[in-house]
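Subject: Structure handover

Hi,

Here is the structure I promised to pass on. Please open it alongside this email; my notes follow below.

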Amino acid sequence: MATFSIRSLGCKVSHVDAHEVRERLLVDGHVERGDDADVAIVNTCCVTHEAVSKSRKEATRAARTHRRVYVTGCGANLAANAFAGLPENVVVVPKRSEETPAFVAGDVGAIGCVQADARLDRVRAFVKVQDGCSFSCNFCVIPLVRGASRSRAADAVLAEIKRRVDQGHREVVLTGINLGCYRDRAAGFDLPRLVRAAGATPGLERLRLSSIEINHVNDALIAALRETPAVTRHLHVPLQSGDDGVLLAMGRRYTVSTYLRRLAPLQEEFNLTSDVIVGFPAEDERAFATTLDTVRTAGLTKVHVFPYSPRPGTVTALDDPVRPQEKKERGARLRSLSHDACLARWRTKIGHDDLVLVDRAGRGYGDDYSPWLVDDAIPVGELVQVRGAGVHDEGVLAA
Ligand code: SF4
């Protein structure tokens, strides 16, 4: 038996990939521990230069305290070897997500037949339904490190959701790199049908999508989201830029008016969140101001802000004219706008009831994925009825 620790950087899909390695090691009889474990798995991210350098630091740190460190995930698949020169006990695993758990488990060595699932988080399960992307946005390294879009069979996805619910998970998040590309042609499933089928899982209380490209927000999907009672009133729709010139330069396949038109039917009901890149090569001050306007008009609340950094192998790899200070200032302005929009949404909850899924002591999320601060005596995993009493910088205060 080996002991292992696992750390994941980056997006929800990276988190799921790390979880798959964890589950495989648990199934093989290994035991999860902290920094004193024999083996560390560092599941890396490469979406920005900063993400790679954080991943590298994490691997270096782990190499000091573990006998062996496996570097997995997107960063490990970068063409320019981002993890060269690390200590000898670091093993870089440049493999697709589907192959990584078996490789790591094989290398660590199985002892077999021990109780798995012992330490799984029972509140929220991220179920990966799709991986890779065939869109090739000009700035994005993901298609290079994860490959083209591919989907899991619907029956495997639905069986996993049932298993997660049986384990006690209250919420399932359908996760993918480009979720709207989900297809199981043999069984006749697309994402809207999968949402309806997943939502019908007996005992499932909440269902969410991790993220969806605006190109895939169509009538069929909107109907599936509205007509599936388990679906929460939250949708994360990456904008990346709110200026048509920048969107074109990014190769994003939509215009601002398309983005706004497709989100309009959801604005009232759904909490809409997004990702925006600031300081893209084609973004000048005017284009950035247009982006701020678009964020306001779209009614977005939480915006994850990413300062642009060129990624190796992409169309814009050699292009980075916006000064770091300028990116920083634009990022701060956008974050401030987003924070104000969150506060405004949270204020509407004062005096109203909501159902909060407590996922950490004293914290949880309401039906539209707004964060709530609740009594920290409420057990993690409880779904509790609360009433908004006020607003704090980090969420709605429950009475
Ligand atoms: S849609 Fe664009 S930004 Fe998103 S993963 Fe695919 S290529 Fe990257």
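**Aromatic rings**

The count of aromatic pairs comes to 4. One of them is Tyr365 with Tyr369: the ring centres are 4.2 Å apart and the planes are at 15 degrees, so this pair is stacked. The cut-off for stacking is planes under 30 degrees apart. Bear in mind throughout that this is a predicted model.

Tyr365 counts as buried, because its relative accessibility is 17% and the limit for buried is under 20%.

Elsewhere, ring pairs join Phe139, Phe280 and Tyr308 into a cluster. Phe135 also has a charge over its ring. There the charged end belongs to Arg253, and it lies 4.1 Å from the ring centre.

**Helix H5**

H5 covers residues 154-167, which makes 14 residues. At 1.5 Å a residue, the helix should span 20 Å. The end C-alpha atoms are 20 Å apart, so the two values agree.

Which residues of H5 are buried? They are Ala154, Val157, Glu160, Ile161, Arg164, Val165 and Gln167. These residues cover an arc of only 160 degrees around the axis, which puts them on the same side of H5.

What do the buried residues of H5 pack against? Two helices are on the list: H1 (12-27) and H6 (191-199). The rest are strands: E6 (124-128), E9 (171-175), E10 (183-184) and E11 (189-190).

Look also at what comes after the helix. Gly168 follows H5, and its phi is positive, near 115 degrees.

**The open sheet**

5 strands form an open sheet. Their order is E2-E1-E3-E4-E5, and the pairing is parallel. E2 (31-32) and E5 (90-92) stand at the edges. Each has a single partner strand, so one side of each is left without a neighbour in the sheet.

For E2, take the pairing with E1 (residues 3-8). The two strands pair in the parallel sense over 2 bridges. In one of the contacts to check, Thr3 has Val31 in E2 as its bridge partner.

Over to you.

Best wishes

Definitions and conventions. Residues numbered from 1 in each chain as written. Predicted model: local features only at pLDDT ≥ 70, side-chain atom pairs only at ≥ 80, totals over all residues. Heavy atoms only, no water. Phe/Tyr/Trp six-rings, centres within 6.5 Å; stacked < 30°, edge-to-face > 60°. Buried < 20%, exposed > 50% of the residue type's maximum accessible area, 1.4 Å probe, protein only. Lys NZ or Arg CZ within 6 Å of the ring centre and 35° of its normal. Helix = DSSP H or I, 4+ residues; strand = E, 2+ residues; numbered from the N terminus. Expected span 1.5 Å × (residues − 1). Arc of directions from axis to C-beta. Contact = heavy atoms within 4.5 Å. Pairing = 2+ DSSP bridges.
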